[in-house]
4 protein chains.
Amino acid sequence: MNDPEAPIALDLDDLQEIARPLLETSAFDYFAGGSGTESTLRDNVDAWRRIRLRPRVFRDVTSVDLSTTVMGTTVSMPVLLAPVAYHGMAHEHAEIATASAAALADTIMVVSTLANVALEDIATATPGGSKWFQLYVHVDRELTRSLVQRAESSGYEAIVITVDTPKLGQRRRDERNRFALPPNLRIANIAGRPTAADPSEIANYASSAFASVTLEDIEWLRSITSLPIAIKGVLRPDDAQACLAVGAQAVIVSNHGGRQLDGAVATADVLAEVSDAVGDAGEVLVDGGIRSGTDVVRALALGARAVLIGRPQVWGLAIDGAAGVRTVLETLRTETTLAFQLAGARTNAEITSDLIWAPSSR
Amino acid sequence: MNDPEAPIALDLDDLQEIARPLLETSAFDYFAGGSGTESTLRDNVDAWRRIRLRPRVFRDVTSVDLSTTVMGTTVSMPVLLAPVAYHGMAHEHAEIATASAAALADTIMVVSTLANVALEDIATATPGGSKWFQLYVHVDRELTRSLVQRAESSGYEAIVITVDTPKLGQRRRDERNRFALPPNLRIANIAGRPTAADPSEIANYASSAFASVTLEDIEWLRSITSLPIAIKGVLRPDDAQACLAVGAQAVIVSNHGGRQLDGAVATADVLAEVSDAVGDAGEVLVDGGIRSGTDVVRALALGARAVLIGRPQVWGLAIDGAAGVRTVLETLRTETTLAFQLAGARTNAEITSDLIWAPSSR
Amino acid sequence: MNDPEAPIALDLDDLQEIARPLLETSAFDYFAGGSGTESTLRDNVDAWRRIRLRPRVFRDVTSVDLSTTVMGTTVSMPVLLAPVAYHGMAHEHAEIATASAAALADTIMVVSTLANVALEDIATATPGGSKWFQLYVHVDRELTRSLVQRAESSGYEAIVITVDTPKLGQRRRDERNRFALPPNLRIANIAGRPTAADPSEIANYASSAFASVTLEDIEWLRSITSLPIAIKGVLRPDDAQACLAVGAQAVIVSNHGGRQLDGAVATADVLAEVSDAVGDAGEVLVDGGIRSGTDVVRALALGARAVLIGRPQVWGLAIDGAAGVRTVLETLRTETTLAFQLAGARTNAEITSDLIWAPSSR
Amino acid sequence: MNDPEAPIALDLDDLQEIARPLLETSAFDYFAGGSGTESTLRDNVDAWRRIRLRPRVFRDVTSVDLSTTVMGTTVSMPVLLAPVAYHGMAHEHAEIATASAAALADTIMVVSTLANVALEDIATATPGGSKWFQLYVHVDRELTRSLVQRAESSGYEAIVITVDTPKLGQRRRDERNRFALPPNLRIANIAGRPTAADPSEIANYASSAFASVTLEDIEWLRSITSLPIAIKGVLRPDDAQACLAVGAQAVIVSNHGGRQLDGAVATADVLAEVSDAVGDAGEVLVDGGIRSGTDVVRALALGARAVLIGRPQVWGLAIDGAAGVRTVLETLRTETTLAFQLAGARTNAEITSDLIWAPSSR
């Protein structure tokens with residue numbers, strides 16, 4: 001924080017308000033909003049903060065190593081960029097800017113099916129960075145196969161299959177704003193894309209084109225790619241175990257950032273039971289409401305191998321493009337390093353469950 | 001939501017404020033208020049929202065079937081219209097408007113003893129719709145018998161006996177407003193009705209005319225009608241079992257919308273234990289504070305066969321008559337369908353108790 | 001409520017604000033305030049309201065009998081007037097007014113040692129009413145003996161010994177106001193009373209004159225009077241059992257209205273465990289934060305034989321003298337009757353612990 | 001409170017606001033602030049207040065003895081002055097003023113490594129008072145040894161080793177204020193001190209000069225001094241036991257006043273488990289959020305031998321120098337004496353764990 005070379009200290013809590021005036025209202029609301037009463041959106045953040053930590057002392061934490069591997073991909077820290085649609089609404093360089101920041105930070109960007117830049121173009125523009133491809137399974141299996149194969153050919157290192165979106169959640173902000181993609185933007189990965197400027201078309205796209213994903217779909221996808229597969233949108237031990245049984249390498253504990261079922265449990269509240277159910281049979285990642293290095297420590301202590309951040313990357317992107325996303329990542333790196341040190345841990349492996357304070361009589 | 005033919009998206013939370021200026025203050029307060037400090041009124045809503053859900057994935061939820069039967073009556077969805085007095089204060093078409101909406105939505109309207117339109121007239125005006133009759137047991141057994149027989153003759157398909165009203169709860173808003181029925185309205189089902197415009201008469205009616213219902217009353221009612229009987233106002237497993245023992249087909253878990261004993265437990269908090277006590281021996285319904293499709297899923301997961309909504313139907317009625325009530329019902333249908341899909345359920349039977357997240361350490 | 005002969009419906013929650021402008025600030029604060037941060041003062045009220053009830057149905061509650069006996073004294077309802085000092089600050093008729101109201105309501109007034117009217121004068125002025133005498137045990141045993149004997153001679157039916165006041169709690173409002181008795185008032189029961197108008201004298205009186213009561217003191221008091229004895233200020237099962245072992249007939253679960261140890265547990269939170277410890281060996285009463293008929297039901301369901309109300313009687317007294325206190329009592333009677341009916345109870349004995357909802361999974 | 005000789009009644013809750021305008025903003029924020037979102041800072045205070053007490057009656061508490069020994073040092077009450085840096089920012093007499101007040105109050109001042117007056121000068125100026133020396137273990141072992149030996153030579157009676165500061169927590173207020181020591185102040189105990197007026201130098205000092213303390217460091221320190229050693233910054237039973245195993249006499253349960261790991265558990269929440277783990281093998285002290293005599297009773301009931309107060313001493317110092325600190329201490333003494341009396345305890349030993357109310361069903 002005090003090193004002039006280090007990134008400017010940023011409080012991730014403040015980023016949303018800094019970014020708000022820089023975005024069209026309908027774009028801001030699209031990114032910031034959740035479904036229904038937004039109770040899950042709020043609870044995602046609150047649930048981490050309810051968890052109290054019991055730091056250790058007497059460890060020499062002079063040097064800390066945050067690096068790890070996630071499904072075989074090496075990253076410099078256990079913080080990844082979650083898939084987020086439509087980066088073009090936040091910055092003219094769109095997903096290229098975000099991918100550049102991820103590459104410089106030596107972490108993984110998970111590129112969304114709904115990117116405004118084609119997955120090949122993102123790969124070409126940022127050759128050094130590790131990328132995973134987030135797949136919305138389409139009713140059209142050939143389109144789905146094509147997306148997977150294009151990602152594999154372009155050097156993406158894993159497929160993240162979102163399974164919590166058989167229909168879109170009711171996003172009241174978007175309904176109120178009659179949200180539509182700006183005319184200059186497109187869903188670049190999809191050839192027969194809807195006309196961007198028409199709200200009903202864009203909003204209907206997910207509902208009509210996306211499949212209600214079943215385990216058979218996962219098995220089929222498992223059969224058409226050799227990339228590791230992560231399943232995103234799991235909140236239950238039984239579903240997590242089913243993922244591994246059909247060949248996935250990882251599950252991402254997620255409620256889609258509070259954008260799907262309003263009233264769904266916060267990810268922090270189910271992470272430990274999902275991690276316990278998975279055990280050594282796979283890796284567990286988590287997203288939803290993570291806003292600080294302390295939150296990263298909480299997630300790792302509850303069994304996550306790494307976390308993904310969604311909205312903060314968008315606010316960084318809106319504020320300063322690639323540099324803004326980088327600042328978000330470096331702020332989290334600085335905070336996470338310090339949280340490791342103050343918790344008494346030198347490596348990810350040393351963030352263990354005993355760091356969580358379990359109230360006996362509270 | 002995005003289908004131009006579908007009803008306008010309505011947030012049921014907002015309806016009350018939209019309806020407020022359309023009603024006389026004393027009528028608004030009559031419908032909106034509860035007893036005492038209104039703690040149960042508020043807790044009814046809050047208790048559902050405290051319950052977090054653990055949605056399933058990997059189910060093909062492309063098509064959902066909300067239809068079910070309730071005490072033998074087929075409905076298109078597990079959402080019924082709870083009995084509410086004095087619809088005439090909300091709209092000039094009164095219960096006729098409400099019944100029309102229920103018929104079009106293919107669900108059940110439970111007509112109140114205290115309707116402003118005679119039960120026969122409601123039945124005649126809306127021949128296609130299923131109706132149940134809500135009975136306030138009167139001290140005058142012949143009047144009571146007559147009400148039941150008139151309902152049976154008019155095609156009502158069940159009797160709902162309210163048992164939580166030996167006296168009216170203390171409704172401070174009504175006392176402050178000196179609430180009285182407007183001069184043009186009457187309690188149409190009762191011949192020797194009190195003079196509508198006199199506050200003390202109307203308020204005293206319940207206390208003097210209604211019986212303090214016992215199991216013997218239920219047995220007697222069981223003996224005089226062949227219609228199925230539901231008992232409304234049960235909050236305890238022992239009382240629920242007593243209902244079934246004397247021949248009722250269903251219990252409605254209810255605290256009268258927070259209008260009777262202030263401090264009574266929220267219905268969401270006792271639904272599971274009542275459902276467990278009833279088991280397969282009868283059906284369990286619930287009302288009180290249900291405001292969204294997520295709430296419907298919560299109620300079904302806790303063991304309800306269907307829910308009843310009270311105040312929202314009145315707000316819809318005040319806003320736009322039959323069309324307003326219809327919009328409320330279709331909004332709930334849309335929300336419930338989506339909540340089923342996002343929870344991973346295709347039928348009512350697939351809404352099971354494992355969808356409720358039980359905190360282990362919270 | 002709707003009977004024109006019945007007292008005007010009063011919400012006890014509102015009484016404090018109605019009374020505020022009628023009292024000198026320092027008098028209002030003396031009555032309203034608690035010790036320290038007033039956390040116990042607030043929690044006393046909140047703790048009752050946290051308790052949810054599970055009313056019964058199917059009881060014929062057409063007629064309700066609230067009458068009971070408390071330590072052998074018959075009362076028309078399980079609501080007594082707690083001892084409160086200095087009624088003269090609230091109304092010129094002081095304790096005479098309060099005692100008149102209690103007599104008319106057929107309940108017990110517990111007259112404070114610190115009354116502004118001598119105990120004999122109260123007895124003479126209100127011959128029909130049952131009175132108990134609240135005793136502050138003084139370091140001066142002869143003074144103490146004299147108080148007990150005067151009460152016994154004057155027809156008081158029991159002695160209530162306050163044991164939680166070895167020193168006065170730190171009442172910050174009184175310190176700020178430099179609280180003193182107005183010049184025209186005196187502690188009428190004590191001959192060598194402090195000069196009323198001197199704040200430091202009046203405030204020091206309790207600390208210097210009151211004894212730190214021990215069980216030996218109780219045994220001595222037991223030996224000098226044949227009246228039944230209640231011990232006021234008990235919050236623990238062991239202390240309650242000790243009271244009975246030395247010959248007390250009753251314990252009053254009390255934290256002195258949040259005026260002694262700030263941070264002491266709310267009385268509602270310990271009532272059940274104290275009642276369980278006492279069992280059939282004595283009677284348990286409770287005060288602190290009771291503001292409604294529902295609260296009375298809660299207290300009885302947790303094991304109290306009756307409740308005592310403190311501050312509300314003062315607000316009634318300030319508002320309208322004896323008539324105001326009477327209105328408070330009749331309001332509570334009306335509310336308690338209705339709460340009995342809506343809870344499904346006809347007598348005090350039917351208010352049983354199963355009316356308390358115990359959350360299994362909350 | 002009512003004795004004209006006694007200190008003016010002060011509510012410690014109010015002190016911070018009284019002191020605020022008397023301090024430079026950056027100094028006020030340095031003292032008042034915590035790390036990150038300040039959640040631990042707030043929870044430290046709240047956690048004590050959540051604990052409800054069950055006072056005893058029937059003890060003769062006319063006279064109370066608060067005196068005790070802590071690691072062999074006799075104190076007049078179980079309230080010590082926690083180590084706080086930079087007293088010079090609060091008052092021109094700096095640590096001399098604070099030490100004078102501690103001496104007059106007959107309690108221990110723990111002098112910080114980061115004092116603005118050299119430890120020898122403090123000792124010389126206040127010969128009558130017991131002092132302990134708080135040690136930041138430096139990477140430079142000779143400097144560390146020198147600090148310990150200087151303290152021992154100057155009559156300090158114990159060494160308090162802070163072990164929770166391998167790096168400084170992220171203090172956002174200080175970053176915003178670009179906090180630096182005023183030009184006239186210095187870290188008097190350290191010869192090669194950083195230039196006070198340079199924010200980056202002063203802020204970097206801790207990070208570069210302080211060691212990440214290990215058990216080997218404690219063993220080495222144990223070998224170079226015969227003074228008793230307390231380890232400050234312990235929140236876990238295992239770490240507490242490790243302290244005793246290497247020869248410490250006491251552990252101080254502390255999260256550094258919410259200034260290190262944001263999200264760390266409140267000290268009140270772990271005190272009992274640490275005390276249980278230590279048992280008779282050592283002494284347990286606690287700091288963090290203690291603001292009243294009731295809080296002192298809570299801490300002792302949870303197993304602490306004494307408490308330390310940090311921020312309140314600074315507010316007293318800023319308000320009135322030595323007299324202000326004295327007032328803070330005497331206010332706490334008065335409050336603690338009264339809390340003992342109202343809880344039914346005459347000595348520290350009589351503050352036992354049964355005074356804590358453990359909710360059975362809450």
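**Entry 1: a helix pair in chain A**

At what angle do the axes of helix α4 and helix α13 of chain A cross, and within what distance do they come? I looked up both values: the axes cross at roughly 15° and come within 9 Å. Helix α4 of chain A covers residues 94-105, and helix α13 of chain A covers residues 311-343. Because of that angle, α4(A) is roughly parallel to α13(A). The crossing of α4(A) past α13(A) is right-handed.

I noted the rules for these words:
- Helices are DSSP runs of H or I with at least four residues, strands are E runs of at least two, and both are numbered from the N terminus.
- Axes are lines fitted to C-alpha atoms, for helices over the stretch in contact, and angles run from 0 to 180 degrees between N-to-C directions.
- Angles under 35 degrees are roughly parallel, over 145 roughly antiparallel, 65 to 115 roughly perpendicular, and the rest oblique.
- A crossing is right-handed if the near helix is turned clockwise from the far one by less than a right angle, and left-handed if anticlockwise.

I also noted where my values come from. This is a predicted model, where local features need pLDDT of at least 70 and side-chain atom pairs count only at pLDDT 80 or more, while totals for chains, interfaces and linings use all residues. Residues are numbered from 1 along each chain as its sequence is written, chains are lettered from A and ligands numbered from 1 in the order in which they are written, and side-chain values use heavy atoms, with hydrogens and water left out.

Next I checked which residues meet (contact means heavy atoms within 4.5 Å). In α4(A) they include Ala97(A), Ala101(A) and Leu104(A), and in α13(A) they include Leu317(A), Val325(A) and Arg326(A). The residues of this contact divide into ten nonpolar, four polar and three charged. Here Ala, Val, Leu, Ile, Met, Phe, Trp, Tyr, Cys and Pro count as nonpolar, Asp, Glu, Lys and Arg as charged, and the others, Gly among them, as polar.

Arg326(A) forms a salt bridge with Glu330(A), with the closest N and O atoms 2.9 Å apart. The rule is a side-chain nitrogen of Lys or Arg within 4 Å of a carboxyl oxygen of Asp or Glu. The two residues are four apart in helix α13 of chain A, so about one helical turn separates Arg326(A) from Glu330(A). Over all chains, I found a count of 88 salt bridges.

**Entry 2: a helix pair in chain D**

I then turned to helix α1 (residues 12-19) and helix α13 (residues 311-343) of chain D. Their axes come within 11 Å and cross at roughly 170°. That is why α1(D) is roughly antiparallel to α13(D). This contact has ten nonpolar, two polar and no charged residues.

How much area do chain A and chain D bury between them? I read about 2,800 Å², 56% of it on carbon and sulfur atoms. Buried area is the accessible area (1.4 Å probe) that two parts lose on being put together, summed over both. In chain A, Arg52(A), Phe58(A) and Leu342(A) lose the most area to chain D. Arg236(D) forms a salt bridge with Asp354(A), at 2.4 Å between the closest N and O atoms.

Chain A and chain B bury about 2,700 Å². The count between these two chains is five salt bridges. Chain A and chain C do not touch, and their nearest C-alpha atoms are 13 Å apart.
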